[in-house]
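Hi everyone, thanks for making time for this.

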Amino acid sequence: MALILLRHATAVDERRDLSDDARYLTAGGRTTALAVGEALRTRLQGRVHIVSSPLVRAVQTAELALAPLGMLITTSEALRPDNSPRAAFAELTAHLAAADYVIAVGHEPSMSALAALAMGSSHHRALGRGEALAFDAGALLWNLTARDATP
């Protein structure tokens with residue numbers, strides 16, 4: 001059973017008329033999400049549970065990358081960038097009992113904090129936009145960057 005962390009793809013900048021919560025993916029971000037999703041889906045066999053931050057850019061990344069799995073994408077306030085990574089980690093690991101893979105789509109610095117918790121470490125480097133990391137039993141199984149996925 002693996003925990004997969006996926007940082008959202010590139011989004012537009014926050015503006016006076018666009019709050020951080022409403023930031024959406026750029027055209028390049030959409031392309032990246034599709035490519036990462038295609039590469040990610042080739043690695044998944046079994047039951048998948050997908051949990052996304054409720055922020056627009058994370059939900060869009062989850063939908064573009066993972067909707068072809070035919071799985072319901074749920075949102076969790078725990079994956080908001082300003083919430084506790086420990087609470088998010090507890091919620092995500094609870095889902096592992098019923099799935100072969102739990103995929104969390106979120107933001108920095110939360111994703112690197114979750115990666116550190118998954119490895120039992122105090123620090124992990126920041127994930128790039130559109131990067132996915134897979135962990136099982138405290139070990140990094142693989143990582144997939146947007147560059148790896150781009151055809």
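Predicted model: local features only at pLDDT ≥ 70, side-chain atom pairs only at ≥ 80, totals over all residues.

Reading from the N terminus, the order is β-α-β-α-β-α-β-α-β-β-α. The radius of gyration is 14 Å, close to the 15 Å that the globule rule gives for 151 residues, so the chain is as compact as a globular protein of that length. Its C-alpha trace spans about 40 × 35 × 25 Å along the principal axes.

How much of the chain is buried? Buried residues account for 49% of the 151. If you take contacts between residues at least 6 apart in sequence, 64% of them join residues at least 24 apart. As for the surface, the chain exposes about 7200 Å², and carbon and sulfur atoms supply 52% of that.

Now to the charges. There are 14 positive and 15 negative ones, and their mean positions are 4 Å apart. How many salt bridges does the chain have? The count comes to eight, and I'd like to show you three of them.

Let's begin with Asp21 and Arg80, whose side chains meet at 2.9 Å, N to O. This pair links distant parts of the chain: Asp21 sits in the loop between strand S1 (2-7) and helix H1 (27-41), while Arg80 is in the loop between strand S3 (73-75) and helix H3 (85-95), 59 residues apart. Asp21 is partly exposed, at 35% relative accessible area, whereas Arg80 counts as buried at 17%.

Arg80 also forms a salt bridge with Glu77, at 3.7 Å, N to O. Glu77 is partly exposed, with 48% relative accessibility.

My last stop is Asp100 with Arg47, a salt bridge of 3.3 Å, N to O. Asp100 lies in the loop between H3 and strand S4 (101-106), and Arg47 in the loop between H1 and strand S2 (48-52), so this pair ties together parts that are 53 residues apart in sequence. Asp100 is partly exposed at 24% relative accessibility, and Arg47 is partly exposed too, at 44%.

That's my tour; over to you for questions.

Notes: Residues numbered from 1 in each chain as written. Heavy atoms only, no water. Helix = DSSP H or I, 4+ residues; strand = E, 2+ residues; numbered from the N terminus. Rg over C-alpha atoms; globule rule 2.2 N^0.38 Å. Buried < 20%, exposed > 50% of the residue type's maximum accessible area, 1.4 Å probe, protein only. Contact = heavy atoms within 4.5 Å. Areas by Shrake-Rupley, 256 points an atom, 1.4 Å probe, with all protein chains shown as cover. Lys, Arg positive; Asp, Glu negative; His and termini not counted. Charge placed at Lys NZ, Arg CZ, Asp CG, Glu CD. Salt bridge = Lys/Arg side-chain N within 4 Å of Asp/Glu carboxyl O.
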